[in-house]
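Take a look at the structure below. We will walk through its strands first, then its helices.

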Amino acid sequence: MPIRVAYQGEPGAYSEKSTRELLGDNVVAIGRPSFEDCFRAVASMECDYACLPIENSLGGSIHENYDLMLRYDLKIIAEHEFRVNHCLLAKHGVNREDIKYAISHPQALAQCDNFLRGLGIKPVPTYDTAGSAKMILEGRLPADCTPENTAAIASDLAGRRYGLNCLNEKIEDDDTNFTRFLLLSRKDVSQFLNPKIPAKTSVLFTLPNTPCALYKALACFSLRDIDFSKIESRPTVASVLNFLKFKSQQLGMKARNKADLPRFRYCFYLDFMESQLHPNAQNALAHLREQSEFVRVLGSYPQKSRLAGPVAQEVEELKRMAHLDDNDISLMTLPSDSAATADPLKIGIVGFDTFGQFLAKQMSSKHRVSCMDLSHDNSRDAEKMGIDYYSNFEMRRFLSDLDVVVIAVPLVQFEDAVSSLPVADLRGKLVVETGVLNSHPKAVLLKAFGNHPDIDIISSHPMVSASSRGTEDPYSAASSWDGRPFVYEKVRIADVPRCERFLQIFEDARCQLIEMTAEQHDGTVADAEFVAHLTGRLLLDKQLLPPTPVVSKEYAALCDVADMTAGDSFDLFFGMFKYNDRARLHLTQMKENLSNLERQLAAKEAYLEASNELKNNDRQRLMAETKQLLREVVREGGIWDKDALGTETPPNR
């Protein structure tokens, strides 16, 4: 089966040519509109690999792709240094002397500036190199440009793709124009790198704001004679920044102590010339993790266009195949593209408190959202957001035209909310629960709709931080979804495209989508959530955390726990207690731990009192013995000390 590789651009782009140089002519190259679309195609398994530029010898690094590697967690499995050869392309029958305009990407025009000036050709910037060749073929040209007086600057492959004649090749001003491409996959190949294969490893790390932090980090490698090929600093992306903020909160540094957190945070991208599995590299990375706040290995891979692992075997198999037709190996569409052009989903949110509003804000950017409350009246909030609001008396009208029903009520209200929904009006719809625990809501939905297979069900937990959910403004910048886990289970799905379009909302928001069963989810997070909220509620009493002018890390950490739970309702906490079988056990354990602490404190106090009493008794005994000794010394003709002996007159000899 041919390899499917995503690249950015139109057919004939330099990225496609680089892909074919690295993997062979029979690879199926699929052009995508943007770099992120390439990452998404691989992450969703619509493509096997992505071949993307990471740096140019003249233009520098392509930072967007560095950032996307963090968001999508793809691994680098190969690199390719591609020589950029610009060609002057025109329709057949057009001579170079007829050319008055040259269209191409601005960077390509700049790289051929001397050539164009020498011929008196005016550069006209367009969106893409290969796209410019396509524009000449289709006759869609800028003002004053015609197919008879205009040439495109693009690759020779673009010329063949669009049937254009190459008037000149290698027209770039600088012949040292190279672009380094990376081949990205869902799985790494480090285990296939033997000592005979020269390897390279790319790693990202952040450092604390302390003197000589970068020097110490680089020393982890230089002390082990590991060479670098590149190091570059870059502003920290949101997903890493969220992690660092969370880690800072764990250490007791909250927004109230902003002086401890620099406004500008940077991460470092480092390429070193060794496999991450080499003993020296393993020790260096372990040492780096001790120095750094965050470390991620982006991939270990062969140097200089070599291939290793499954991709090498697949390329060898392609070489033995007969050459495929160009229409079969150069594509521009994927199955998911049809979903992107589909009509917006009609989503109804049941429960429009803080969390429901937070969901509505994210979903309403691309879809039609309406809402309904079962107990409270939040119509003013809905009006501010431009969301259609329905009362619980308008249930049937609310449900009549929906594709998706999202239930965003506390756990203790969930069963009542589901029972209030008319089953007949839910048929053909997708029902999504968003509880902090999933097993109970899943059981309720299956019990209520088990006999109605045309009602699709998703059990989910959008893991927004409690601090975001508890803020007065749920639409603030602090409430970012970037990098947040979205845990879900497809409990029962008949309409797969609709399900994928709904999940796409969270993928577009750059959430980390994690598919696991409701039972696995609860086994992972239920106990931790309950204990965290229990501790936070115990600390809500202001007398336990009085204001202090001197804030220690320990005090700030306790304040953080209290703050993160203060904004959540008691119903949420009660739901964690009622629907977690181990909650009572944890509560009992907390009581026992508190009793044990009380006993330990009482025992320590009694011990200290007894020790002090013994010390006093010992002191008194020692004093008495000392006085007796002195009296004996005096009797034998020694000194007389009235204070020591307690007498005004010397004793008789």
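In strand β9, Ala-154 is the bridge partner of Cys-87. Before going on, note that this is a predicted model, where local features need pLDDT of at least 70, side-chain atom pairs count only at pLDDT 80 or more, and totals for chains, interfaces and linings use all residues. Residues are numbered from 1 along each chain as its sequence is written, and side-chain values use heavy atoms, with hydrogens and water left out.

Cys-87 belongs to strand β6, residues 87–90. Strands (E, at least two residues) and helices (H or I, at least four) are DSSP runs, numbered from the N terminus. Strand β6 joins β9 (residues 150–154) through three bridges, and the two run antiparallel. Two strands count as paired if DSSP finds at least two bridges between them. Strand β6 also has four bridges to β10 (residues 165–169), again antiparallel. There, Ala-90 has Asn-165 as its bridge partner.

Are the faces of β6 covered or open? Both are covered. Cys-87 and Leu-89 are buried on one side, Leu-88 and Ala-90 on the other. Buried means under 20% relative accessible area, exposed over 50%, and partly exposed in between (1.4 Å probe, protein chains only).

Now turn to another sheet. Four strands form an open sheet, in the order β13-β14-β12-β15, with antiparallel pairing. Strands β13 (228–235) and β15 (294–302) stand at the edges with a single partner strand each, so one side of each has no neighbour in the sheet. The twist averages 15° from one strand to the next. Inside the sheet order, β12 (residues 199–206) and β14 (residues 266–272) pair over six bridges. Leu-204 has Tyr-269 of β14 as its bridge partner.

Which strands does helix α3 lie across? Helix α3 (residues 63–72) lies across β12, β13, β14 and β15, at about 85° to β13. Axes are lines fitted to C-alpha atoms, for helices over the stretch in contact, and angles run from 0 to 180 degrees between N-to-C directions. Contact means heavy atoms within 4.5 Å. Helix α8 (residues 213–222) lies across β12, β13 and β14, at about 150° to β13.

Next, two helices. Helix α17 (residues 411–419) packs against α24 (residues 570–578) at about 90°, with axes 6 Å apart. That makes α17 roughly perpendicular (65 to 115 degrees) to α24. Helix α17 brings Leu-411, Val-412 and Gln-413, while α24 brings Asp-571, Phe-574, Gly-575 and Met-576.

Finally, seven of the ten residues of helix α14 (residues 354–363) are buried. Among them are Phe-355, Leu-359 and Met-363.

Key
Parallel < 35°, antiparallel > 145°, perpendicular 65-115°, else oblique.
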